[in-house]
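I opened a new page for this chain.

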Amino acid sequence: VKAYLMHLQEMLATALHMHPTYSHPLLQPTIAPNKNPLIILISAQKGLCGSFNDQLLYLFSNAQYRLGASLITVGKYATQYCQQTDSGDLIASFHN
């Protein structure tokens, strides 16, 4: 997960360097104090990505911003985890 995050940060930094004046409201981190955040949790669908799913759900379970959040899950493991724990308001799930 950390390698993916670092690669994503490098890609965004490169894009920002190429177009330094570009701005879009969805790229600006904002959480209104009166509103619940929406979290889209994407996990693997199959069981061959055990350590990925374990790390993802561990990071998610320790995140403070998830409290009171609305959740959309993608993947079997994210959906099962959120249904079995009190992770927030599960509003939609997508898996086979």
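This is a predicted model: local features need pLDDT of at least 70, side-chain atom pairs count only at pLDDT 80 or more; totals for chains, interfaces and linings use all residues.

Entry 1, the elements. I counted 3 helices and 3 strands in the protein chain; helices (H or I, at least four residues) and strands (E, at least two) are DSSP runs, numbered from the N terminus. Along the sequence I read the pattern α-β-α-β-α-β.

Residues are numbered from 1 along each chain as its sequence is written, and side-chain values use heavy atoms, with hydrogens and water left out.

Entry 3, the sheet. I found that the 3 strands form an open sheet in the order E1-E2-E3, with parallel pairing; two strands pair if DSSP finds at least two bridges between them. Strand E1 (38-42) and strand E3 (89-94) stand at the edges with a single partner strand each, so one side of each has no neighbour in the sheet. From one strand to the next the twist averages 20°; axes are lines fitted to C-alpha atoms, for helices over the stretch in contact, and angles run from 0 to 180 degrees between N-to-C directions.

Strand E2 (residues 70-74) is joined to E3 over 5 bridges. In that pair, I saw Ser-70 opposite Asp-89 and Thr-73 opposite Ser-93. Another 5 bridges join E1 to E2, and Ile-42 has Val-74 in E2 as its bridge partner. The chain then crosses from E2 through H3 to E3, a right-handed β-α-β crossover: with the strands pointing away from the viewer, the path from the first strand over the helix to the second runs clockwise.

How much of the chain is buried? Buried residues make up 21% of the 96 residues, where buried means under 20% relative accessible area, exposed over 50%, and partly exposed in between (1.4 Å probe, protein chains only). In E2, 4 of the 5 residues are buried, so the strand is largely enclosed by the rest of the structure.

Which residues of helix H3 (residues 76-84) are buried? I listed Ala-78, Thr-79 and Cys-82. They lie on the same side of H3 because they cover an arc of only 100° around the axis; the arc is that of the directions from the helix axis to the C-beta atoms.
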